[in-house]
Amino acid sequence: MSYIENSEQLTGPFGEALARGELIVQKCNSCSELIMYPKYRCPSCFGNDLDWHAVSGRGQLLTYTVLRFGAPSSFDVEPPYAIGIVRLEEGPQLTGRLHPGPDGTWDHYRCDEPVAFEPAEAAEVAQRPAAWFAAPQES
Amino acid sequence: MSNMPYPEPGSASDAAFIGIGEIPSGKYPTRGFMAQLVEAAARAIADSGLKHTDIDQLVLIPNLHGIPDQADLIFSRVVEELGLHGRAKSSMMIHSGGSTSDNATRAAAGLIASGQARNVLVVQSEKWGSADLSAMVDMLSVNGIPREWEGTSGLQFNAIGGLITQRYMHQSGSTPEEMASVCVALREWARLNPNAMWKDRGLTIEQVLGSKLVADPLRAYECPYLADGAAAFVMTSATEARKKHDNWVRIAGSGGCVSHYSSGQDAELGELGWPKAAVEAYDAAGWGAEEADLAEVYDSYAAVLTIALEGLGLSKKGEAARDFHAKRFSPGGGFPLNTNGGLLSAGHTGVGGGMALLVEAIRQLLHRAEPERQVPSAQRCIVGGSGGSYMDAQIMMLERVEK
Ligand SMILES: [Zn+2]
């Protein structure tokens, strides 16, 4: 029986989807569990018949922060930048980046408020494959 | 709920803390890693009343500053440094980040309970305070954080603190002043601890709120300072302890919950693993928050501590920061907490931050703290640790035993 053999196989489809402007999460074909972050085995039924599933991109911002100092050098982004944890409508949650508002700040974000997936430009996604979110009113 | 048979108190399988050792935390660039470790070990052995040759088991707590020093720990350099070569039965390392000291306690107690060790030395040394800061930022950003899923968003340790603090403040309605008061209370304790990094410098709420934003809503004075330090303890069985000591400290029970690996995957960012771990620990010990005389709980950020206190039942849900603001956890307040100053004011010595809290708990229960901060007739202490991105909540229920 085949299985996911390395982290490139595990993470590759997610980054490829982001590059197409889509947000996908892993799905277990055996028990239909939606899984994020993707795993080698389904955390629910422990099966390994795993696939991918497009999600709406709508969710709730659980929490967020604006990092202003001390970005990891490997990340290669000049702070400030904002990171959020989003619980998707479909259930899974993930960490991603938050777009600034028109004023260049992240002051308009609030915990538990809605956010929606809004992909970053292709060059950014190619370098740092992360899901970006924005508050709906400014998307 | 616990179904674990805990050792009969006072029996040969009942583990007993009999000695502690610690050196001051802070920036000590000329103090070497192994020199610190040997000094802390020697102080703990002296405090235990044993000879160094009585130690038959070493449990080493890893450093997070560099691989060569780690290799020295792994490959038994400490055995030679302590003159135990040809005598020690075993030398090993235990590692779970900030909760290592709790898991090392479990391992040491288990070795004693199962008759595999007689006298265990647990020792830790760290050189974070003298390490290159940007190298440490990078090290802490790629380790303990999922590179594929959160590294790509630029997550690092202060950002994790910011995420948890934001969620906690949202859920509890705590104000910036109330959050800052946590750091101020810890500083007040640190002023009473000769081993604390910030023993000579006071801190006010205004100073905290006047410091620069680092990872909203966290400000610079709300982030832990990396420090050099070392600490150790000696554990034996109650039957051995009885021969030389009138009192010692036993483990009444423990509880634990590993809630997540990734910050983004913790379903309850405002709770972490504490409520579940507390139920287990209190059930095992037969006592809980109401009966404790003090607590020593992992505090690398204020919200990490307030969340833990609420999960432990030491504060009502959502009220811990306001309890700090009302001085309940300050020296002279209603409940002594993190009496060494915690990681936030005694210094963040990596894995040693939890170790320093544990050693302070043992010190308090042995009634060997300096008089200014000794909790009068302390009998019971709750110790809480947490590692990585607050991946786990580990609770040790410690109690003083008098012969
Ligand atoms: Zn499944």
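Let me start with the zinc ion, which is coordinated by the SG atoms of Cys28(A), Cys31(A), Cys42(A) and Cys45(A), at 2.3 to 2.4 Å. Donors here are N, O and S atoms within 2.8 Å of the metal (3.2 Å for Na, K and Ca), and water is not among the atoms, so sites may look incomplete. This is a predicted model, where local features need pLDDT of at least 70, side-chain atom pairs count only at pLDDT 80 or more, and totals for chains, interfaces and linings use all residues. Residues are numbered from 1 along each chain as its sequence is written, chains are lettered from A and ligands numbered from 1 in the order written, and side-chain values use heavy atoms, without hydrogens and water.

Back to the site. The donor angles are 102 to 115°, which makes the arrangement tetrahedral (four donors, all angles between 85 and 135 degrees). The spacing in sequence is C-x2-C-x10-C-x2-C. Cys28(A) lies in strand E1 and Cys42(A) in the loop between strands E2 and E3 of chain A, 14 residues apart. Strands are DSSP runs of E, at least two residues, numbered from the N terminus. Cys28(A) counts as buried, at 0% relative accessibility (buried means under 20% relative accessible area, 1.4 Å probe, protein chains only). Cys42(A) is also buried, at 0%.

Now chain B. Its open sheet of nine strands runs E3-E2-E4-E7-E1-E8-E11-E10-E9, with mixed pairing; two strands pair if DSSP finds at least two bridges between them. The edge strands are E3 (90–93) and E9 (294–297) of chain B. E2(B) and E3(B) run parallel, joined by four bridges, and Leu58(B) has Ser91(B) as its bridge partner.

Terms used:
Tetrahedral: all angles 85-135°; square planar, octahedral: opposite > 155°, others 65-115°. Buried < 20%, exposed > 50% of the residue type's maximum accessible area, 1.4 Å probe, protein only.
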